[in-house]
Amino acid sequence: MNWTLEVVVVPVSDLDRAKSFYAERLGFAVDHDTDLGVLGRIVQLTPPGSGCSIVLGRGVVPEMPPGSLKGLQLVVPDLEKAHAELVERGVAVSEIQVVGPNPSPVQHPLDNVGFVFFTDPDGNAWAVQQISSRA
């Protein structure tokens, strides 16, 4: 049996501002934006190529302080290209960092150990790691 992680709730203070950031700045696809009336609202977005989406919401999602989610991580095959795209889209992103020695032989020196970091408008913290291929 496969157990797949499909959705992560990201706590934000302003749904429209967060939706704009994730869709326009990061290029996530807007899967749906559903107004549930008095029950609340749910916005689901998915990173390009990902099997896991994020959900922003009001009313029908768990209560968490906006900006309290830390350690979300995206994986890309080309960190230099991803970094350039983020900069081009106006995301305040760190320079590329190498975090520790590589644990195994790799095709590219940034594989496994290359990262960049950014936060969304509420302070939820994201990392982007390079993994060009998986065993």
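Residues are numbered from 1 along each chain as its sequence is written. In this predicted model local features need pLDDT of at least 70 and side-chain atom pairs count only at pLDDT 80 or more, while totals for chains, interfaces and linings use all residues, and side-chain values use heavy atoms, with hydrogens and water left out.

Helix α2 spans residues 79-88, helices being DSSP runs of H or I of at least four residues and strands runs of E of at least two, numbered from the N terminus. Its residues L79, A82, H83 and L86 are buried, that is, under 20% relative accessible area with a 1.4 Å probe and protein chains only, whereas exposed means over 50% and partly exposed lies in between. These residues cover an arc of only 100° around the axis, which puts them on the same side of α2; the arc is taken from the directions from the helix axis to the C-beta atoms. The face turned away from the buried side carries the exposed residues K81 and E88.

At the N-terminal end, D78 caps α2 through a side-chain oxygen 3.2 Å from the backbone nitrogen of E80, and α2 is followed by G90, whose phi is positive, near 85°.

Ring pairs link F21, Y22, F28, F118 and W126 into a cluster, where Phe, Tyr and Trp rings (for Trp the six-membered ring) pair if their centres lie within 6.5 Å. F21 and Y22 are both buried.

Definitions and conventions
Polar contact = N/O pair within 3.5 Å; in protein donor to acceptor, adjacent residues only side chain to side chain. Phe/Tyr/Trp six-rings, centres within 6.5 Å; stacked < 30°, edge-to-face > 60°.
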